[in-house]
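Here is a short walk through one protein structure. Keep the sequence and the 3D view at hand while you read.

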Amino acid sequence: MTIKEIQEEIIDEFSMFEDWMERYEYIIELGKSLPLIDEAYKLDENLIKGCQSKVWLHSKLKGDTIEFTADSDAILTKGIVALLLRVFSDQTPKAILDADTDFIDEIGLKEHLSPTRANGLVSMVKQIKMYAIAQQSKLAN
């Protein structure tokens, strides 16, 4: 699936919920299904700066796509990162760099987070894009 198709699927899923409590519960459930990051990657260098909670994000090239793994010490944040990885993992660096993140606004996520969590969300997206730049340069060589 393309990034856009995955984003559309997420927008459809979130539209089925009546209120934000149900959406929060869904996000937390997504976090529980997040494949665990290898403990070897739970290093300070993989911590996302600007997050209120600890969020570790690791990327590796798999052919011409990037596979992301992540973890967080907070259940809601873990769900948010799971949502982002669903969109961006197993995509090419170019697709990640070209992708917009309008789906985050369309599902109303940013406006329903505390300011520090919303900043953390922005930091997560930035870090995913930075990894895409780094991995793209590896593919070019």
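Arg117 touches Gln52, Ser53, Ala74, Leu76 and Thr77, not counting residues up to four places away in sequence. Contact here means heavy atoms within 4.5 Å. The place of Arg117 is in helix H6. Helices (H or I, at least four residues) and strands (E, at least two) are DSSP runs, numbered from the N terminus. Arg117 counts as partly exposed, at 23% relative accessibility. The cut-offs are these: buried is under 20% relative accessible area, exposed is over 50%, and partly exposed is in between (1.4 Å probe, protein chains only). Arg117 also pairs up in space with Ile80: the two are 37 residues apart in sequence, and their C-alpha atoms are 9.7 Å apart.

A word on the source. This is a predicted model, in which local features need pLDDT of at least 70 and side-chain atom pairs count only at pLDDT 80 or more, while totals for chains, interfaces and linings use all residues. Residues are numbered from 1 along each chain as its sequence is written, and side-chain values use heavy atoms, with hydrogens and water left out.

Now step back to the whole chain. The protein has six helices and two strands. Along the sequence they follow the pattern α-α-β-β-α-α-α-α. The radius of gyration is 14 Å, close to the 14 Å that the globule rule gives for 141 residues, so the protein is as compact as a globular protein of that length. That radius is taken over C-alpha atoms, and the globule rule is 2.2 Å times the number of residues to the power 0.38. The C-alpha trace spans about 50 × 30 × 25 Å along its principal axes.

What share of the 141 residues counts as buried? The value is 48%. Among contacts with a separation of 6 or more, 65% come from residues 24 or more positions apart. The protein exposes about 7,500 Å², and carbon and sulfur atoms supply 53% of that area. Accessible areas come from the Shrake-Rupley method with a 1.4 Å probe; for residues, only the protein chains shown count as cover.

Charge comes next. There are 16 positive and 25 negative side chains, and the centres of the two sets lie 7 Å apart. Lys and Arg count as positive, Asp and Glu as negative; His and the chain ends are not counted. Each charge is placed at NZ of Lys, CZ of Arg, CG of Asp or CD of Glu.

Return to helix H6, which covers residues 115-140. Ser123 lies in this helix. Is Ser123 buried or exposed? Ser123 is buried, with a relative accessible area of 15%. Beyond its neighbours within four places in sequence, Ser123 is in contact with Ile48, Lys49 and Gly50.

Follow the chain back into the loop between helix H5 (102-106) and H6. Lys110 is found there. Lys110 is partly exposed, with a relative accessible area of 35%. Its contacts, leaving aside neighbours within four places, are Ile104, Asp105, Ala118, Leu121 and Val122. Lys110 and Lys138 are 28 residues apart in sequence, but 32 Å apart in space, C-alpha to C-alpha.

Ile107 sits in the loop between H5 and H6. Ile107 counts as buried, at 5% relative accessibility. Which residues surround it? Neighbours within four places aside, Ile107 is in contact with Ile10, Ile11, Phe14, Trp20 and Leu83.

Ile107 leads on to Arg23. They are 84 residues apart in sequence, yet 9.4 Å apart in space, C-alpha to C-alpha. Arg23 lies in helix H2 (residues 20-32). Arg23 counts as buried, at 14% relative accessibility. Neighbours within four places aside, Arg23 is in contact with Phe14, Ser15 and Phe17.

Next, the strands. Asp71 lies in strand S2 (residues 65-72). Asp71 is buried, with a relative accessible area of 6%. Its side chain makes a polar contact with the side chain of Lys78 (3.2 Å). A polar contact is a pair of N or O atoms within 3.5 Å; within protein, one must be able to donate a hydrogen and the other to accept it, and residues adjacent in sequence count only if both atoms are side-chain atoms. Neighbours within four places aside, the contacts of Asp71 include Leu34, Lys54 and Trp56.

Last, look at Asp90, in the loop between helix H3 (75-88) and helix H4 (93-98). Asp90 has a positive phi of about 65 degrees although it is not a glycine. Asp90 is partly exposed, with a relative accessible area of 42%.
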